[in-house]
Amino acid sequence: MKLVTVADIALAREPRDHLVGSWLWIAPGGLHFAYPTEGFVHVHGLDGVAQAAIVLPADARLPERRDFHGDVVAGLQAGALHPSGRRIAMATHERLVLLDAEHGQLAERSLFDAGGDDDDGWFGDPGALAFSADGALLWFATTHADGIARMYGLDAATLASRGQVDLVEFPPPGDFELAVHPTRHEVLWTVACGQDGGGFARVALQDGALVAGPTPRWVADRHFFVLGFRPDGCALVLAAGQLETQDGAVLLASQPAGGTHGALVGAQLLIDREDREQGGGYHVLDATSFSAQGELDPEGGVFALASGRVIITRKDSLRIATTSAD
């Protein structure tokens, strides 16, 4: 595998350390991606061409610092891009908001008004957001009281709660990641807590309720990373030193894997190399058999888009590239 550059996008402001959640928002299906700067969320298509600049409310300014002590910093915390590429969901330290490129604000909800059966009416501190593949559901991962990770399912038009489920207890602060199923209302969740360890769960909306199954996992001193779903619906997870293929609650296959980041690009997996003396880069594996397919050094982090294209994150730019077998 090699990567052929399609476009380079200079970032107006390098935001990666200013958000609790990921600063790169890829829409389900991979046809659009976005990133926030001061006052705007910039939306691009597969060719890198700008498609929209969604105006952010005043309280969604980028935080001036990243807090590593578990305290919430004022401003924008996390966001997600709708599959259409025309709508975003965002969370500040106080509220959730839905914004549309043409119509502005569509809905909002205070984080102190969770509703439903919540014990204290508080959503929790924002960790990550993601739309479902059909755009009808909004997944909202939070840190609740006493370091409990909680997942909410929200109506993506009104922000009304469709349910909630507690996942694992972890030592805050933690970095959350979400990966949504390509057809079902299901999401993979991870939290990474530095040297303390990491947690993993898969959550689904079933019969009107949120269900976490199998039992969410926490492992001290090891990390999890969600690679995404293959077209057949099987999940690929870097799970505390193992590369796993999961179908629902069933573990189909696993093998040792040392990376802490990766991407599912078509029929191939990219798993980052732990040996930094080799210059970083990725191992390339077959996504079904896990057989080795070579090495790749894109000089940046790789995130998958649609049609075999990827985003390569740099310090002050994003590179769009397409994969080639040659």
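Two strands count as a pair if DSSP finds at least two bridges between them. The model I am reading is a predicted one.

**Entry: strands β10 and β11**

I looked up how β10 and β11 are joined. They run antiparallel, with 6 bridges between them. Across this pairing, Asp125 stands opposite Thr143 in β11. The two strands form a hairpin with 5 residues between them, and there Gly135 takes a positive phi near 75°.

**Entry: an open sheet**

I turned to a sheet of 4 strands. The sheet is open, its order is β23-β24-β25-β26, and the pairing is antiparallel. Which strands stand at the edges? They are β23 (262-265) and β26 (292-296); each has a single partner strand, so one side of each has no neighbour in the sheet. From one strand to the next the twist averages 20°. I also noted the contact of β23 with β24 (residues 268-272): 4 bridges join these antiparallel strands. Val265 stands opposite Gln268 in β24.

**Entry: aromatic pairs**

I counted the aromatic pairs next. There are 6 of them. In one, Phe140 and Tyr152 are tilted, at 6.4 Å centre to centre and with 35° between the planes. This pair links distant parts of the chain, with Phe140 in β11 (residues 137-144) and Tyr152 in β12 (residues 148-155), 12 residues apart. Are these two residues buried or exposed? Phe140 has 0% relative accessibility and therefore counts as buried. Tyr152 is also at 0% and counts as buried.

I then looked at Phe200 and Phe224. Their ring centres are 5.8 Å apart and their planes meet at 20°, so this pair is stacked. It too links distant parts of the chain: Phe200 lies in β16 (residues 197-206) and Phe224 in β19 (residues 224-229), 24 residues apart. Both Phe200 and Phe224 are buried.

I returned to Phe140 and Tyr152 for one more point. Together with Phe123 they form one aromatic cluster.

**Entry: nonpolar cores**

I looked up the largest nonpolar core, which has 30 residues. The members that touch the most others are Phe33, Val41, Leu56, Leu76, Ile88, Met90 and Leu318. Several strands each supply at least two residues of this core, among them β1 (2-10), β6 (76-81), β7 (87-92) and β29 (317-324). The largest share comes from β3, with 3 residues.

Leaving out residues up to four places away in sequence, Met90 touches residues including Leu56, Leu76, Leu96, Val97 and Leu129. Arg95 is also one of its contacts.

A second core is separate and has 22 residues, including Ala130, Phe170, Val187 and Val191.

**Entry: Arg202**

My last entry concerns an arginine in strand β16, Arg202. Why does Arg202 count as buried? Its relative accessible area is 2%, and the cut-off for buried is under 20%, so Arg202 falls in that class. What does its side chain meet in a polar contact? The partner is the side chain of Glu186, at 2.4 Å. Apart from residues up to four places away in sequence, Arg202 touches Glu186 and others, including Val187, Leu188, Pro214, Phe229 and Gln246.

Notes. Residues are numbered from 1 along each chain as its sequence is written. This is a predicted model: local features need pLDDT of at least 70, side-chain atom pairs count only at pLDDT 80 or more; totals for chains, interfaces and linings use all residues. Side-chain values use heavy atoms; hydrogens and water are left out. Rings of Phe, Tyr and Trp (its six-membered ring) pair if their centres lie within 6.5 Å; planes under 30 degrees apart count as stacked, over 60 as edge-to-face and the rest as tilted. Buried means under 20% relative accessible area, exposed over 50%, partly exposed in between (1.4 Å probe, protein chains only). A nonpolar core is a set of buried Ala, Val, Leu, Ile, Met, Phe, Trp, Tyr and Cys residues joined through side-chain atoms within 4.5 Å. Contact means heavy atoms within 4.5 Å. Axes are lines fitted to C-alpha atoms, for helices over the stretch in contact, and angles run from 0 to 180 degrees between N-to-C directions. A polar contact is a pair of N or O atoms within 3.5 Å; within protein, one must be able to donate a hydrogen and the other to accept it, and residues adjacent in sequence count only if both atoms are side-chain atoms.
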